[in-house]
Amino acid sequence: MDIKTFFERDRYAAHSGIDLMEVRKGYAKAQMPVKEFHLNGADSVQGGAIFTLADLAFAAAVNAYGNLSVSIQTSIYFHKGVGEGTLFAEAKEVKMGKNIGNFEVVVTNEKEELIATFIATAYRKNIEIPFSC
């Protein structure tokens, strides 16, 4: 199984319309076309949808090493509202130790405008994931 197949099993991300575009150790890029169901009462993408997009990119980047890794802390900063188009999340490793890793995920739209910044800390477990990257 490859890493994209592994993350296709993330039913919530799939339901949200998120697609992994690229994954390698410490890096991932995902996209989410904005649909009507993503919008809140103000006709902006709901913060939870943006968080889900960023979280999936982060999860793919950290788990690409082949060991199950889980989030132990996250923060998200919203910079700009958006109500249409496609959102992109680019996750990059900042620092990875033996068990603890720090990542930054930048969420932009198709105009490359900054929508959100997601900061995450992961804990790497001693459990191998059956895929190659």
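1. Buried means under 20% relative accessible area, exposed over 50%, and partly exposed in between, with a 1.4 Å probe and protein chains only. By that rule Phe58 is buried, at 2% relative accessibility.

2. The model is predicted: local features need pLDDT of at least 70, side-chain atom pairs count only at pLDDT 80 or more, and totals for chains, interfaces and linings use all residues. Residues are numbered from 1 along each chain as its sequence is written, and side-chain values use heavy atoms, with hydrogens and water left out.

3. Start with the largest nonpolar core, which has 37 residues. Such a core is a set of buried Ala, Val, Leu, Ile, Met, Phe, Trp, Tyr and Cys residues joined through side-chain atoms within 4.5 Å. Val45, Leu53, Phe58, Leu87, Val105 and Val107 touch the most other members.

4. Which elements each supply at least two residues of this core? They are helices H1 (3-8) and H3 (47-63), with strands E1 (19-24), E2 (27-33), E4 (86-96), E5 (100-109) and E6 (114-128). H3 gives the largest share, 11 residues. Helices (H or I, at least four residues) and strands (E, at least two) are DSSP runs, numbered from the N terminus.

5. Look next at Leu53. Contact means heavy atoms within 4.5 Å. Neighbours within four places in sequence aside, Leu53 is in contact with Ile18, Ala30, Gln31, Met32, Leu87, Phe88, Ala89 and Val107.

6. Now the rings. The whole structure holds three aromatic pairs. Rings of Phe, Tyr and Trp (its six-membered ring) pair if their centres lie within 6.5 Å; planes under 30 degrees apart count as stacked, over 60 as edge-to-face and the rest as tilted. One of the pairs is Phe51 with Phe118, edge-to-face at 5.0 Å centre to centre, with 70 degrees between the planes. Phe51 belongs to helix H3 and Phe118 to strand E6, 67 residues apart. Phe51 is partly exposed at 27%, whereas Phe118 is buried at 0%.

7. Phe58 and Phe103 also pair edge-to-face, at 5.6 Å and 65 degrees. This pair joins helix H3 to strand E5 across 45 residues. Phe103 is buried, with a relative accessible area of 1%. Ring pairs link Phe51, Phe58, Phe103 and Phe118 into a cluster.

8. Finally, charges over rings. The rule asks for NZ of Lys or CZ of Arg within 6 Å of the ring centre and within 35 degrees of the ring normal. Arg24 has its charged end over the ring of Tyr27, 4.1 Å from the centre. Arg124 lies over the face of Tyr65, at 4.7 Å from the ring centre.
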